[in-house]
Amino acid sequence: MRDRKCFLMHFAICLAMGAGAFFAFVYGLPQLVWNSDLSHMTSVIAGVFVGSSCYLGWLAWRLSPSNASVILRKSEFGWFAEEKFVRMGLLGTVIGLALQAKVLATGADGLAPLSTALMSTAVGVLASLLLSAMAWNLS
């Protein structure tokens with residue numbers, strides 16, 4: 001018999017993220033991020049985050065005393081992906097700062113590329129924090 005406590009914790013985290021996403025959509029945050037991120041690194045981070053959280057949820061569903069060691073070994077992916085989200089956010093920051101330097105070199109007065117840097121960093125750190133909670137749940 002499988003104990004579904006781990007999956008229920010994962011599901012609770014996903015419900016909390018869903019509530020946060022609902023209020024973000026109400027206030028237009030995804031549209032703001034999509035329009036202001038010129039590199040679309042935030043979209044890449046969000047896509048990889050959804051896939052990673054689904055994989056960790058699948059592992060939490062399959063967890064049982066008989067296969068706990070195998071699931072624990074596979075759950076190391078969560079910690080690996082958590083580190084990569086921060087790095088993808090930093091890559092978006094570098095792209096945004098490079099675009100900002102290009103705009104400043106032409107003498108223009110725009111700050112739009114700077115929002116690319118800030119948005120990708122914020123989304124990368126947020127995805128890292130949420131996925132670390134999911135990976136901790138499996139450990």
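**Figure 1. Contacts across the sequence of the predicted model.** In this predicted model, 79% of the protein chain's contacts with a separation of 6 or more join residues 24 or more positions apart. Buried residues account for 33% of the 139 residues.

**Figure 2. Helices of the protein chain.** The protein chain has 6 helices and 0 strands. Along the sequence, the pattern reads α-α-α-α-α-α. The radius of gyration is 18 Å, well over the 14 Å that the globule rule gives for 139 residues, so the protein chain is more spread out than a compact globule. Along the principal axes, the C-alpha atoms occupy a box of roughly 65 × 30 × 15 Å.

Figure 3. Helix H3 spans residues 41-62 and includes Ser53. The relative accessible area of Ser53 is 8%. The cut-off for buried is under 20%, so Ser53 counts as buried. Leaving aside residues up to four places away in sequence, Ser53 touches His10, Leu131 and Met134.

**Figure 4. Surface and charges of the protein chain.** The accessible surface amounts to about 8,200 Å². Carbon and sulfur atoms contribute 75% of that surface. The protein chain carries 9 positive and 6 negative charges.

How values were computed
Residues are numbered from 1 along each chain as its sequence is written. This is a predicted model: local features need pLDDT of at least 70, side-chain atom pairs count only at pLDDT 80 or more; totals for chains, interfaces and linings use all residues. Side-chain values use heavy atoms; hydrogens and water are left out. Helices (H or I, at least four residues) and strands (E, at least two) are DSSP runs, numbered from the N terminus. The radius of gyration is taken over C-alpha atoms; the globule rule is 2.2 Å times the number of residues to the power 0.38. Buried means under 20% relative accessible area, exposed over 50%, partly exposed in between (1.4 Å probe, protein chains only). Contact means heavy atoms within 4.5 Å. Accessible areas come from the Shrake-Rupley method with a 1.4 Å probe; for residues, only the protein chains shown count as cover. Lys and Arg count as positive and Asp and Glu as negative; His and the chain ends are not counted. The place of a charge is taken as NZ of Lys, CZ of Arg, CG of Asp or CD of Glu.
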